[in-house]
Amino acid sequence: MFFSKKKKELEPKVSLDKLQGEIEQEIWDDLTKDLSLTPHLKEEIKKLVKERAREELQKELKDRYAELKEEKVEIPPPEVKKKEEVMYPRLSLDVRIQHIILMVSTIILIITGLPIKFHELAWAKFFFSTVGGLQVSRILHRVGAAGLIGIALYHLLFLAFSKEGREIFKELLPRKKDLKDLWIMLNYFIGRKRERAKFGKFTYVEKFDYWAVYWGMVVMVLSGLILWFLGTALRIFPKFVADIAKEAHSDEATLATLAIIIWHFYNAHLNPEKFPMNRSWLTGKISEKEMEKEHFLEWVKIQEEEEKEIETKKAEEGKFKEQRGENIL
Amino acid sequence: MKINRIIILFCFFLICLLVQGRTQELPSNQECKHCHSNPNLKKVLPDGRVISEYVDFDIFYKSIHKKQACVYCHIDATNFPCKNLQKVNCQRCHYKGNLAGAPDLIKYKEYGESVHGRATALGDVKAPMCQDCHGSHYIFDKADTLSRTNKEHIPQTCGTCHLNIYDIYRISVHGEALRSKHILAAPSCADCHGEHNIKEHTDPKSKVFLTQVSVTCAKCHANMELIKKYDIPVEPVETYKESFHGVAIKFGAKTVANCTSCHESHAIFKSDDPRSSIYIDNIPRTCGKCHPGASENFAKGKIHINPAKKEAGIIYYVSQFFKYLTLSVMLALIIYIILDLRKKLIVKRKGEE
């Protein structure tokens, strides 16, 4: 051992740095004797040396702790830095903004639309008196409608003309596997299977949510436009078309609201695993744990890709080093 | 004893004098009858109008005031010939706490606040006072068929001034029912406009104010007894309430259709009557009042629709489709959620063990 026990106990840090410095200097001198190094390489070597020195020192310290323990002197173990949970990107900023616009529009539409359907209830009157009358509510409803139609059109353009959009759309297309997954999951729920289904980028739950919005959009936007531009619509269609539009608008609104409250709220908020909410819609990221559980295939795929990337990088670096080495020599 | 007799005689004369003096002051009905039973008795008013001063005493003695003397009301008719008499003021007797026992009701106050009462107060000589509607000499209980305020006679009574409206009303479905078919449940003027409390239709307190119309019509058109008895369609009131028009008017919209916007206020006819505003050929014009450029497309389809009934046609099937779609989807989703939660609970318990 290099130091007396007393000294170590008093200022172990200073001694460590000293030791490191000494070793560094030693190696440094050896190396710089016959090589003329570029600053970049110098830094790299320094780094490597430091790492090795640290490893050696840690070993050294461990031994010392063991000794100290025997002598029953308590020294807290060094804090091991918590490994940060790996987060995978899931939703791009574009998609997140689309979701927020869709959400805000839908909320406006629901709160200004429901009081018309349930006008006989007391809170309908309360709502209209709060927002400043039916006329204000109607304008708000149309603002919401404009937002909804706008984001729907934008989303279609996004699917057609952006690379990301096309990729997402391909993943979202319903497949036979979704039905199989559903069957597996149902069996898993009732205990006939031990394993959960292994999902790709989008589970059937998410696909159902996504395609349900399409159905809702078509019904609500078409019927809503007829009611919005009633005069124009009745120049083209007979009145019973407008009556169908009104009925469909009212009924589909109920269906959509219930779907959001029951299904979407369960999956994104009230589900014990997600409560109070799945934060992906804000951060755009998903934790490794969730990734493994809910998108296993996607997770594996990403890992494989990463490995490949690392390999190619390594290969490239190797090449680079070889070249460097040639240069140095 | 002589003194006693003298006192009694004196008293007798005194009473005779008093009675004679009174009869001299106030002419009896009999005296009035001398002239006023002549059917040709007429008077020329300063504005040139000629009015009859004839009183049919036979009818008068059947009226509600049969026991009253002429001069009780015509207080200024004390001298013969009685000229320039004032209009009779009914409130001379009909006031609160009067000793004659004449009925005093809230109606006098209502009249004062009504469109007629206010016009009278402002000095409009054409505005009706009590006697213009109730009659002057021939006042009967409203249940009496002789009464001017008997339900069947109200249209004529109002029509003496509102002639144009009476002309339309009497051929309308309500007028026909009341006048020709003698259906007393059919509305006269007063059933919609009120009696003593008649307000202008622009007054929010009026029974025919635009937001009140549907309430006023609903008195009969949502009355189950009447609906059953006279086979009135029941749907209109309920379906109107559910329609955009009904919801909008409920929450204070002022430019939205009420019952009379489409069905007219007085010229109400059945939908299969070509005179009706809701006759199929007239619908574009009727709807066009609010929806400029309304075409015959407005007439293709029913107006008062109840989606829950088969008569609604295709709308019924649309409504049924959504009903079962919603029920089945929600049921499936809820079952899935319950299964999922149940499994999670099982896994958690196992983990704890």
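A search of the whole structure, which is a predicted model, finds 0 disulfides over all chains. B:Cys130 illustrates this result: the nearest cysteine sulfur belongs to B:Cys90 and lies 4.0 Å away, whereas a disulfide would require the two sulfur atoms to be within 2.5 Å.

In terms of accessibility, B:Cys130 has a relative accessible area of 26% and is therefore classed as partly exposed. B:Cys35, at 31% relative accessibility, likewise counts as partly exposed.

## Extent of the interface

Chain B and chain A meet through 42 residues of chain B and 44 residues of chain A. The area buried between the two chains is about 3,700 Å², and carbon and sulfur atoms give 73% of that area. On the side of chain B, the residues that lose the most area to chain A are B:Phe251, B:Phe322 and B:Tyr336, which together account for 19% of what that side buries.

## Polar and charged pairs

Across the interface of chain B and chain A, the rule finds 17 residue pairs in polar contact, with both residues at pLDDT 80 or more, and 1 salt bridge. A:Glu273 forms a salt bridge with B:Lys344, and the closest N and O atoms of this pair are 4.0 Å apart.

## Helices and composition on the chain B side

Helices α14 (235-242), α15 (244-250) and α18 (314-352) of chain B each supply at least two residues of the side that touches chain A. Of the contributions to this side, that of α18(B) is the most, with 21 residues. By residue class, the side of chain B that touches chain A divides into 25 nonpolar, 8 polar and 9 charged residues.

Note on methods:
Residues are numbered from 1 along each chain as its sequence is written. Chains are lettered from A and ligands numbered from 1 in the order in which they are written. This is a predicted model: local features need pLDDT of at least 70, side-chain atom pairs count only at pLDDT 80 or more; totals for chains, interfaces and linings use all residues. Side-chain values use heavy atoms; hydrogens and water are left out. Contact means heavy atoms within 4.5 Å. Buried area is the accessible area (1.4 Å probe) that two parts lose on being put together, summed over both. A salt bridge is a side-chain nitrogen of Lys or Arg within 4 Å of a carboxyl oxygen of Asp or Glu. A polar contact is a pair of N or O atoms within 3.5 Å; within protein, one must be able to donate a hydrogen and the other to accept it, and residues adjacent in sequence count only if both atoms are side-chain atoms. Helices (H or I, at least four residues) and strands (E, at least two) are DSSP runs, numbered from the N terminus. Ala, Val, Leu, Ile, Met, Phe, Trp, Tyr, Cys and Pro count as nonpolar, Asp, Glu, Lys and Arg as charged, and the others, Gly among them, as polar. Buried means under 20% relative accessible area, exposed over 50%, partly exposed in between (1.4 Å probe, protein chains only).
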